[in-house]
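Q: I have a structure open and would like to learn how to read it, feature by feature. Could you walk me through it?

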Amino acid sequence: MHILIPGGCGFIGSSIAIYLKQNIKNCVVTTIDNLSRNTSYLNEKKLKKHNIKNIKFNLSSDKYLAQADLNRIRADFIIDCCAEPSVEISKANPHLVFNSNLKSTLNLLEIAKKKKSKIIYLSTSRVYSIKKINSLFSKIKYKSKLLKKVKVNENFSVESPVSLYGFTKLSSEILIKEYSFLYNIKYIINRCGVVSGYGQFGKQDQGFLSMWLWRHLNKLKIYYQGFGGYGQQVRDILDINDLCILIKEQLSKIDKINNQTFNVGGGIKNALSLIELTNYSRSITFNNIKIRKKIKTSKYDLRYFVTDNKKVYSKYKWRVKKGLNLIIKETVKSLIQNKKSLHKIL
Ligand SMILES: NC(=O)c1ccc[n+]([C@@H]2O[C@H](COP(=O)([O-])OP(=O)(O)OC[C@H]3O[C@@H](n4cnc5c(N)ncnc54)[C@H](O)[C@@H]3O)[C@@H](O)[C@H]2O)c1
């Protein structure tokens, strides 16, 4: 089995690449990544140790299709993890996000068409309507039991605004469906919530959980920002290894279960607020740093998001296994293991 992972030197891509290489017999994994993140170099080194080759290439470039290297690659499956995954960066640099997210998907679909590949696309819960999510939760008080009952499923509104990041991901989803219709490409779209765990680095745009922990470990400044600056925003967290297990199951069943879109997240048991994350961070790092306030709310921020996994649970045996305690411990472990290199680049 030949698997191509665009964005394979990122957090999710490299974790999936190594997991599949280790858990599927005779599986050849290749990644394409332009190493646009300075942390991607660390992952590229890790991949090499597992005998996984990265082709350094900008997937949004028009020249790529002619590359001899790409023509030689075999790809029964493409697992698309290529993106600039930050909502806030999409505000600051729309061109970058448009190209890395949407244009790259177009180029990958051209590869899929040529090579008759099946596609698993890593999308995001950020395709859902910001206004509708915030108004859904606006009347519910922090820590209210009602919160447990309110989850977002795949039929939730995707009406704008969804953020420029969300727009590129939603547009990529539509593009995949168009190519699937025209060329019979089988696909799965996973709309992931926050993914964290072992191997995630602590830069702000790489995920708030690892950033919060990194900043505690190193006694750096942090803020509760937006919604009054109380740290009451809530998200559910999915462990990276749980995601890898799901991807393997989806690969093995794609001839039966295909052309579907799933929410994939940590769910209510893995939901936590920033205040709760601060408590975890303090107890695990023994650093009690002062959290400052920034009152102003970003136009893209959500007060609350918890994934409804009902559909993915109904189609696969897969279940969320790893809880918050372990996810946090393992994230801290990998931050400490990489501390030396990370201090140079974060
Ligand atoms: N991490 C999360 O919590 C999360 C949540 C939901 C969805 N996702 C999605 O999962 C995917 C992977 O996210 P991640 O957290 O691993 O991000 P990441 O930034 O760690 O990895 C993305 C990788 O893509 C590469 N890349 C970016 N633009 C490229 C281009 N034009 N050509 C070639 N390579 C390019 C980067 O160098 C990087 O290595 C993304 O599609 C993201 O939208 C992530």
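A: Gladly! Let's begin with burial: a residue is buried if 20 or more other C-beta atoms lie within 10 Å of its own, exposed if 12 or fewer, and partly exposed in between. Keep in mind that this is a predicted model.

Q: Is Val-234 buried or exposed?
A: Val-234 has 21 other C-beta atoms within 10 Å, so Val-234 is buried. You will find Val-234 in strand β9, residues 234-239.

Q: Which residues is Val-234 in contact with, leaving aside its neighbours within four places in sequence?
A: With those neighbours left aside, the contacts of Val-234 are Ala-271, Leu-272, Ser-273 and Tyr-304.

Q: How do I read a strand, and what does β1 pair with?
A: The general idea is that in a regular strand the side chains alternate between the two faces of the sheet. Here, β1 spans residues 2-6, and four of its five residues are buried. Strand β2 (residues 28-32) pairs with β1 in the parallel sense over five bridges, and Pro-6 stands opposite Ile-32 of β2. Strand β4 (residues 77-80) also pairs with β1 in the parallel sense, over two bridges; there, Ile-3 has Phe-77 as its bridge partner.

Q: Which helix makes a β-α-β unit with β1 and β2?
A: That is helix α1, residues 11-23, and the β-α-β unit is right-handed.

Q: How many residues does the largest nonpolar core have?
A: The largest nonpolar core has 91 residues, and Ile-16, Ile-78, Ile-79 and Leu-243 are those with the most contacts inside it. Take Leu-243: apart from neighbours within four places in sequence, Leu-243 is in contact with Ile-12, Val-195, Leu-238 and Val-264.

Q: What surrounds the ligand?
A: The ligand is surrounded by 30 residues, the closest being Gly-7, Gly-10, Ile-12, Ala-83 and Ser-100. By class, 14 residues of this shell are nonpolar, twelve are polar and four are charged.

Q: Which elements each supply at least two residues of that shell?
A: They are α1, α5 (94-115), β5 (118-124) and β7 (194-196). The largest share, three residues, comes from α1.

Q: What is phi of Leu-35, and where is Leu-35 found?
A: Phi of Leu-35 is near 55°, a positive value in a residue other than glycine. Leu-35 sits in the loop between β2 and α2 (40-49). With 16 other C-beta atoms within 10 Å, Leu-35 is partly exposed.

Q: What is phi of Lys-219?
A: Lys-219 also has a positive phi, near 50°, and its place is the loop between α8 (208-217) and β8 (222-225). Lys-219 has 12 C-beta neighbours inside 10 Å, so Lys-219 counts as exposed.

Q: Is the peptide bond from Ser-160 to Pro-161 cis or trans?
A: This bond is cis, with omega near 0°. To find Pro-161, look in the loop between α6 (130-137) and α7 (164-183).

Terms used: Residues numbered from 1 in each chain as written. Predicted model: local features only at pLDDT ≥ 70, side-chain atom pairs only at ≥ 80, totals over all residues. Pairing = 2+ DSSP bridges. Right-handed = clockwise from strand over helix to strand, strands pointing away. Core = buried A, V, L, I, M, F, W, Y, C linked by C-beta atoms within 7 Å. Contact = placed C-beta atoms within 7 Å. Near = placed C-beta within 6 Å. Nonpolar A, V, L, I, M, F, W, Y, C, P; charged D, E, K, R; others polar.
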